Amino acid sequence: QVHLVESGGGLVQAGGSLRLSCAASGRTLSSYAMGWVRQAPGKEREIVAAVSRNVERTDYADSLKGRFTISRDNAKNTVYLQMNSLKPEDTAVYYCAAVYCSGYRCAPREEVRYGYWGQGTQVTVSS
């Protein structure tokens, strides 16, 4: 079992930045690809970014490239999402997710592939 806890959400003005963290316990993260998924009110979940086991590969939603950066520190069992130039449409609950991957470049963009999820952290961007 992998237990994930997100932190770092909050209220920020448009144009501002936030850094989300996801701390894992239960298993070492180095065997898992990690993703950040968000869900805005009334909308479906959307993959934001994904990173492979040892950062061999990262992937982003096309609309977010250049503003968001996913990273991880396996020694700290923690994954991060740096969000810059935030817009009101980025308002959502952001979830951290993990999936066991044997391949080094495994970084799924399909949220249904992730088997472990955190409780989410709210990000609100005011205009």
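Reader: Where is Ser 85 found, and between which strands?

Author: Ser 85 is found in the loop between strand 8 and strand 9. Strands here are DSSP runs of E, at least two residues, numbered from the N terminus. You're looking at a predicted model, where local features need pLDDT of at least 70, side-chain atom pairs need 80 or more, and totals for chains, interfaces and linings use all residues. Residues count from 1 along each chain as its sequence is written, and side-chain values use heavy atoms, with hydrogens and water left out.

Reader: What about the phi of Ser 85?

Author: Most residues other than glycine have a negative phi. Ser 85 goes positive, near 50°. Asn 77 is another non-glycine case, with phi near 55°, and its place is the loop between strand 7 and strand 8.

Reader: Is Asn 77 buried or exposed?

Author: Buried means under 20% relative accessible area, exposed over 50%, and partly exposed in between (1.4 Å probe, protein chains only). Asn 77 has 14% relative accessibility, so it counts as buried. Ser 85, at 41%, counts as partly exposed.

Reader: Which residues touch the most other members of the largest nonpolar core?

Author: In soluble globular proteins, nonpolar side chains tend to be buried together. A core here joins buried Ala, Val, Leu, Ile, Met, Phe, Trp, Tyr and Cys through side-chain atoms within 4.5 Å. The largest has 30 residues, and Met 34, Trp 36, Leu 81, Met 83 and Tyr 94 touch the most other members. Among the strands giving at least two residues each are strand 4 (32–39), strand 8 (78–83) and strand 9 (92–100). There's also a second, separate core of 10 residues, including Ala 107 and Tyr 114.

Reader: How many aromatic pairs are there?

Author: Phe, Tyr and Trp rings (the six-membered one for Trp) pair if their centres lie within 6.5 Å; planes under 30 degrees apart are stacked, over 60 edge-to-face, the rest tilted. The count comes to 3. Tyr 32 and Tyr 116 have centres 6.1 Å apart and planes at 80°, so that pair is edge-to-face. Tyr 32 lies in strand 4 and Tyr 116 in strand 10, so the pair ties together parts 84 residues apart in sequence. Tyr 32 is buried at 5%, while Tyr 116 is partly exposed at 24%. Tyr 95 and Trp 117 are edge-to-face too, at 6.3 Å and 75°.

Reader: Which residue lies over the face of Trp 117?

Author: A charge sits over a ring if Lys NZ or Arg CZ is within 6 Å of the centre and within 35 degrees of the ring normal. Arg 45 lies over Trp 117, 4.5 Å from the ring centre. The charged end of Arg 19 sits over Tyr 80, 4.0 Å from the centre of that ring.

Methods: Helices (H or I, at least four residues) and strands (E, at least two) are DSSP runs, numbered from the N terminus.
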